[in-house]
Every structure is written in structure tokens, then in C-alpha cells.
Amino acid sequence: MEATADDLLSFKEFPLIEETSGSSAQININSPQRTTASSAIETHDDTATQDSSSKPASILSFEYYQQFFDVDTMTVVDRIATAMVPKRAPANYLKLNIASNPDMYGPIWIVLTLIFTIAISGNMASYLQHTGNHHWRYSYHLVSYSATAIILYTVLVPTALWAILKWSAKPVDLDIEEDAPRSPSLLSLICVYGYSLAIYIPVSVFWTVQVSLIQWLLVITGAFLSSFALLTVLIPAIKKSRYSLFIVLAIELAHFALAAGFMLYFFHAPETEAPVEKSSLTKTTVSIASVVVNTTMQSKKM
């Protein structure tokens, strides 16, 4: 039957409205239609949240780099102590502590502090070497020289080590345990090497002492402690390489060469014995020549 105009204009009762005893009306918020709509909205919001969280951050965004600085003070202090004290790190330290959360906060601050510490201490050593010379001036080039050496070492050496470990990895054994150490990532190696330079910050201050024996003892001590602690962390990954012995020797030599280069270029006093010998030889030659001239003149007079 078709609806008439009176039926269309008349008021009708709907299920969303309930009458009460006080002849007032209220909306039933627990109705099935409203519950279904609200659950659909919540499901849509949850899906949107999951999609936004699972989407990787862009390399040009701030969130991408924020993950590399997600560490607290105690973690940084613990990693600095581990990089300076040999045998402090457990056998699985690289996998559990570094690989799970490699940070750039500690290495960046250590590198920057070491750059300025070497530059300032190097100028102090130069001042002590030229005591009494009123024409001595502060060398600002030491900042750029130290920055170039430290940054190149912190980036190139871990990159080379990462490539060698990838290239020389032993064949995977099917019976190997699941918790065996994997090949470390490049970011993990840069993090470990950045922390390994922390010991040279106090050593660079003591290098200002212009005693050659003390300077070389500091080179040996700093390089030994830092490289030994570095190998303690990296040895589980190095063992998976076919050339593990050569890699260990290369790490030791590179660390010792870095320390010796710092001391010889920025702090070591130049040798002054050669000019003294040269001047004494010149005086001796001049005196001999004068004696010969005097003898010749006296013989002519006679």
C-alpha cells in the first residue's frame, strides 16, 4: 500500500528513543546500531595507527636519525668503561648490547672531544717546546689535522673491517647454534670504534709532558688497553672469518699506528742534537782554516 501525505507528515516512534515515566525521551546509546558504528570507527583508527607505525621513516626525516641517539647516560658510561677496561665485556656483548641498539651519541661526543683535546694539548706541547720564544703563536691548523685523522680512522677502518668480515666469512654450518654471533653491521662497528677512542682523551693531556720515555709509555699503554678491549668485543665475529689471525694483527697495528701518529705529530719534541753537531763541526772547520791561513802568512814573511 502506498503511503499518503498524512502518513509521511505524522510522527512515528523509532528504536533509538525510549519513553520514560516522566514523559521525557532519551537516546539509547547502547543500541546495536551505535555499537556497531563505534566499533567500526575504532577498528579503522587501530588500522591507521598500525600502518603509520609499521611504515619506515624516511632518511630525510628527523625520526630516522632519532633511533641512533636512543640511549641513556648509564648506557653511554657503561660502553665507555667497556672500551677502556679489557675483559670487562662478556662473550656476547656485541650481539646483545651493541647490535641490538647501536648508538651514535657516545661516538660523536667522544670524537669531537678528542679532536679539541688533541688540538689544545698539542699547542700546549708546542709552547713548552719553544719556551722563551716570544714569536710563538697558537696553531689553529691542528684542529683540522686532528679532525681529519680521527674522522677518517673512525669511518674507514670499521668500513674496511666490515667488508673483510663479509668477504672472508666461513661457510655456514647447518649444526651451528641459533645464538651464535652473526657478522656485525657497519653501524655496530662504527659505534664500537668510536667508543674505543675514549682512552686517548686523558692520554692526550699527559702527552704534553715533554719526556720522550713517558710519551712512548703512554702510547703503548693506551694502544694496548684500547685494542685489547676492542678485540674482546669483536673476537666472536672475527672467529667466523677465514683470516681471523691476520684481522687481529691488523686491528692491533692500526690502533698502535694511530696512537703513535698522534704522539709523534702533535706532541713529540723535534730532535735538537743534529744542529748542535753541525755548528760545532762548522766552528772546528773555521778554526782549522784560520790556523792554516796564519801559518801560510808567517811562512811568506820569513
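Follow the chain from the N terminus and the order reads α-β-β-α-α-α-α-α-α-α-α-α-α-α.

Before clicking further, know that this is a predicted model, where local features need pLDDT of at least 70, side-chain atom pairs count only at pLDDT 80 or more, and totals for chains, interfaces and linings use all residues. Residues are numbered from 1 along each chain as its sequence is written, and side-chain values use heavy atoms, with hydrogens and water left out.

**Stop 1: the surface**

Of the 302 residues in the chain, 28% are buried. Here buried means under 20% relative accessible area, exposed means over 50%, and partly exposed is in between (1.4 Å probe, protein chains only).

Lys87 is in the loop between H4 and H5, and counts as exposed because its relative accessibility is 62%. Check its backbone too: Lys87 has a positive phi of about 65 degrees, although it is not a glycine. Tyr140 is in the loop between H6 and H7, and its 65% relative accessibility makes it exposed.

**Stop 2: the nonpolar core**

Now hide the surface and select Ile150, Leu161, Leu197, Tyr200, Trp207, Leu234 and Ile251. These have the most contacts inside the largest nonpolar core, which has 52 residues. Helices H4 (73–84), H5 (93–98), H6 (105–129), H7 (141–167), H8 (186–196), H9 (200–206), H10 (212–238) and H11 (244–267) each supply at least two residues of this core. A nonpolar core is a set of buried Ala, Val, Leu, Ile, Met, Phe, Trp, Tyr and Cys residues joined through side-chain atoms within 4.5 Å. In soluble globular proteins, nonpolar side chains tend to be buried together.

Zoom in on Leu197. Leaving out residues up to four places away in sequence, Leu197 touches Ile110, Val111, Leu114, Ile150, Tyr153, Thr154 and Leu258. A contact here means heavy atoms within 4.5 Å. Across the chain, 76% of the contacts with a separation of 6 or more are between residues 24 or more positions apart.

**Stop 3: Ser204 and Thr117**

Select Ser204, which lies in helix H9. How buried is Ser204? Its relative accessibility is 0%, so it counts as buried. Beyond residues up to four places away in sequence, Ser204 touches Thr117, Ile118, Ser121 and Phe267. Hop across to Thr117 in helix H6; Thr117 is buried as well, with a relative accessible area of 14%. With neighbours within four places set aside, Thr117 is in contact with Ile201, Ser204 and Val205.

**Stop 4**

Next, go to the loop between H7 and H8 and pick Pro184. Is Pro184 buried or exposed? Pro184 is buried, at 7% relative accessible area. Apart from residues up to four places away in sequence, Pro184 touches Leu94, Trp162, Leu165, Leu189 and Ala237. Its C-alpha is separated by 9.1 Å from that of Ile98, 86 residues apart along the chain. Ala237 belongs to helix H10 and is buried, with a relative accessible area of 6%.

**Stop 5**

Last, select Arg79, Ala83, Val192, Tyr195 and Val233. Out of 13 lining residues, these are the closest to the centre of the largest cavity. H4, H5, H8 and H10 each give two or more residues to its lining. The lining divides into nine nonpolar residues, three polar and one charged, where Ala, Val, Leu, Ile, Met, Phe, Trp, Tyr, Cys and Pro count as nonpolar, Asp, Glu, Lys and Arg as charged, and the others, Gly among them, as polar. The largest cavity holds about 100 Å³ of space. A cavity is a set of points, on a 1 Å grid over the protein atoms alone, where a 1.4 Å probe fits but cannot get out, and lining residues have an atom within 4 Å of a point.

Notes. Helices (H or I, at least four residues) and strands (E, at least two) are DSSP runs, numbered from the N terminus. On a 1 Å grid over the protein atoms alone, a cavity is a set of points where a 1.4 Å probe fits but cannot get out, and a pocket is an open set with protein on both sides within 12 Å along at least five of seven lines; lining residues have an atom within 4 Å of a point. Grid points are joined across faces, edges and corners, and a volume is the space filled by probe spheres set on the points.
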